Amino acid sequence: MYLSTRGNISDISFQKAVLMGLATDGGLLVPAELPDLSSSLSELRDLSYPDLAVRIMDIFTDKDIPVGDLQKIVYLSYESFDTPEITPIVKPDSLYIMELFHGPTLAFKDVALQFLGNLFDYILEKSNTKLNIVGATSGDTGSAAIYGVRGKDNMDIFIMHPEGRVSPIQKRQMTTVGDANVHNIAVKGTFDDTQKLLKDLFNDLELRETYNLAAVNSVNWARVLAQIVYYFYAYFRVHEKTGAETVRFCVPTGNFGNIFAGYLAWRMGLQIEKLILASNENDILADFFQHGVYKKGEVYSTYSPSMDIQVASNFERYLYYRNGENPAEVNKLMQQFYQTGKIEISGQDPVFAADRATNSQTLETIRRYYQDFNYLLDPHTAVGVNVAEKFKSGDVPTVCLATAHPAKFPEAIRQAVGKDCAHHPGIDRILELPSECTTLPADKQKIAEFIANNAN
Ligand SMILES: *Cc1c(COP(=O)(O)O)cnc(C)c1O
């Protein structure tokens, strides 16, 4: 069963939690209880990635989905990856790198959004209902969400992006799929404007109900759940190779969704020695884990745009666990944050560490890895690698999470290594395809009309 971090929603089933996305009391949904897997690790360590995913997810569905059905959903979701390992682990130098970019849009978000798309499909088919997914994106989420649901009969997807403010490749990934259920909207405004529109659309309860609107952003519980799996998978692979009993992870972080899944794995008994949070120049979270102060600042544009975020939407889930799973305390802190733009917590977290990498350190790390080890890091991964190198690990192996393929960010790669060497056939192919997109003003009424006219 699931409950809200703010305490006014409880006893929600797994399927309902997935459909609800954001809790209707303004909080985020979390499981009522976390399992302790520390004594069952040996049963899990030899499973293939999809089988490990089924075992872990099954614990969290409360039998709301029969395990045979869950297995079908999971197998189907990971068929679209280009390697049977799903998240392979490589070792160009002393750090391990877990490549999370082998899905259809070449970013780690595919690991969760391929699953979420098929999960929605399953739930809708069982209940004979239809859904309209609405999302806002500054880049990677939009394409991963679109690839998760393209061509499915019982849902349409509407993705808004700020016109002219996503990279040309990101735009092409979203607008070249050609499926009738995919609708791209270029909003005349900034990313903040599009996020505000999204909120306004969901707060229009009549619209929300009439068109059965659903959300795919990173607060959806199913996304966190799917991401827990690869922390276990990486731990087992590194343990196999080195015999190490404990492993350290370093995660390039924006909205705190990816690393939060690692935190849950730690709480579930996986022997994680440290979770290193890596920020770019938008370092509100690094500041928090270093000094205990979470304070909103201005957003800077960097070479790692998917981490150009100040207020991390999953942070509230962390506050819930950090404060002894006490919703009253979370409420107090969130109110404080809305009023003052700041949260302060005393004491050190037992597992998190954090630091940041600048734009020039990011490029320097890409260049060095390419020259010395013939391995191309994407700029987000480079932030993580740079930060991981700032911590001495002794004998503990470090796994850096590679969150995107370098071919998604050719401009940064060119800047770093001085030539155009980041390619992937999936990206080269979409450069040739026709693209479809509707441009609309940043006006809620106009967007609502467009949704009404095209809804499933
Ligand atoms: C979304 C994204 C991130 C940030 O992940 P969070 O879960 O938001 O912390 C990092 N790198 C890439 C390439 C991404 O697409």
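Which polar backbone atom is 2.9 Å from an oxygen atom of the ligand? It is a polar backbone atom of Asn258.

The views show a predicted model, in which local features need pLDDT of at least 70 and side-chain atom pairs count only at pLDDT 80 or more, while totals for chains, interfaces and linings use all residues. Residues are numbered from 1 along each chain as its sequence is written, and side-chain values use heavy atoms, with hydrogens and water left out.

View A. Asp140 places a polar side-chain atom 2.7 Å from a ligand oxygen atom. For Phe256, a polar backbone atom is 3.0 Å from an oxygen atom of the ligand. On its own the ligand has 380 Å² of accessible area, of which the protein covers 97% (Shrake-Rupley method, 1.4 Å probe; for residues, only the protein chains shown count as cover).

**View B. The shell around the ligand.** Around the ligand there are 15 residues, of which Lys109, Asp140, Gly254, Asn255 and Thr403 come nearest (a residue is near if one of its heavy atoms lies within 4 Å). The shell has 8 polar, 5 nonpolar and 2 charged residues. In this classification Ala, Val, Leu, Ile, Met, Phe, Trp, Tyr, Cys and Pro are nonpolar, Asp, Glu, Lys and Arg are charged, and the others, Gly among them, are polar.

**View C. The nonpolar cores.** A nonpolar core is a set of buried Ala, Val, Leu, Ile, Met, Phe, Trp, Tyr and Cys residues joined through side-chain atoms within 4.5 Å. Phe232 and Phe256 touch the most other members of the largest core, which has 113 residues. Helix α10 (residues 221-242) contributes the most to this core, with 15 residues (helices are DSSP runs of H or I, at least four residues, and strands runs of E, at least two, numbered from the N terminus). Phe232 touches Leu37, Leu41, Leu52, Ile56, Ala265, Met268 and Leu270, residues up to four places away in sequence not being counted (contact: heavy atoms within 4.5 Å). A second, separate core of 27 residues includes Ala278, Leu377, Val383 and Val385.

**View D. Two loop residues with positive phi.** Asp11, in the loop between β1 (2-4) and α1 (14-20), has a phi near 55 degrees. Asp11 is exposed, at 62% relative accessibility. Leu106, in the loop between β4 (96-99) and α5 (109-127), has a phi of about 65 degrees. Leu106 is buried, at a relative accessible area of 5% (buried: under 20%; exposed: over 50%; partly exposed in between; 1.4 Å probe, protein chains only).

Terms used: A polar contact is a pair of N or O atoms within 3.5 Å; within protein, one must be able to donate a hydrogen and the other to accept it, and residues adjacent in sequence count only if both atoms are side-chain atoms.
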